[in-house]
Amino acid sequence: MASENSEPKKCGKCLIEFNGDKAIGCEGKCKRWFHLKHSELNNNDFNVIKTCKGVKWFCETCYSESEVIDNILKALELLNQKVNALECKQEKMLQEKYAADSSALISGEKSKGSKCALIIEAKIAEIS
Ligand SMILES: [Zn+2]
Ligand SMILES: [Zn+2]
């Protein structure tokens with residue numbers, strides 16, 4: 001292995017020097033290296049990670065952080081879907097309302113606009 005020289009000498013978990021022990025580097029934020037025995041991986045996993053370029057390993061800390069980020073992204077995705085659904089619904093409502101208004105000819109453009117804004121605000125309060 002070529003990159004052996006650039007590896008830091010101490011394990012991120014036990015802080016003991018590697019001394020030629022098998023070690024694995026975290027691909028997360030910390031970029032620390034760990035003894036194989038402190039990584040919760042077996043020899044098989046270790047070999048796969050070392051030989052396959054696409055396979056990354058994250059230490060416990062970075063893994064749980066990436067889970068947090070995943071959850072936030074999922075929540076955002078869900079919120080986005082809700083907003084899209086609301087916009088669809090709202091467009092329909094506006095169309096219906098516009099049709100009703102234009103046939104009745106009661107309200108001017110400005111009051112129509114402010115009513116729409118109120119509907120959007122109420123809907124946003126509902127989802128958050
Ligand atoms: Zn260690
Ligand atoms: Zn890490």
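Modeller: Helices (H or I, at least four residues) and strands (E, at least two) are DSSP runs, numbered from the N terminus. In this predicted model, local features need pLDDT of at least 70 and side-chain atom pairs count only at pLDDT 80 or more, whereas totals for chains, interfaces and linings use all residues. Residues are numbered from 1 along each chain as its sequence is written, and chains are lettered from A and ligands numbered from 1 in the order in which they are written.

Biologist: In what order do the elements of the protein chain run from the N terminus on?

Modeller: The order is β-β-α-α-α, which comprises three helices and two strands.

Biologist: Which residues make up the largest nonpolar core?

Modeller: Such a core joins buried Ala, Val, Leu, Ile, Met, Phe, Trp, Tyr and Cys residues through C-beta atoms within 7 Å, where buried means 20 or more other C-beta atoms within 10 Å, exposed 12 or fewer, and partly exposed in between, with C-beta atoms placed from the backbone. Here the eight residues are C11, A23, I24, C26, W33, F34, W57 and C59. At least two residues of this core come from each of β1 (23–25) and β2 (33–35).

Biologist: Is L15 buried or exposed?

Modeller: L15, in the segment before β1, counts as exposed because it has 7 C-beta neighbours inside 10 Å. Its C-alpha atom is separated by 8.8 Å from that of F34, 19 residues apart along the chain.

Biologist: What does UniProt list for residues 69–96?

Modeller: An unreviewed UniProt entry lists them as "coiled-coil region", although such annotations may be inferred rather than shown by experiment. In the model, residues 69–96 are 100% helix and 0% strand, with the end C-alpha atoms 40 Å apart.
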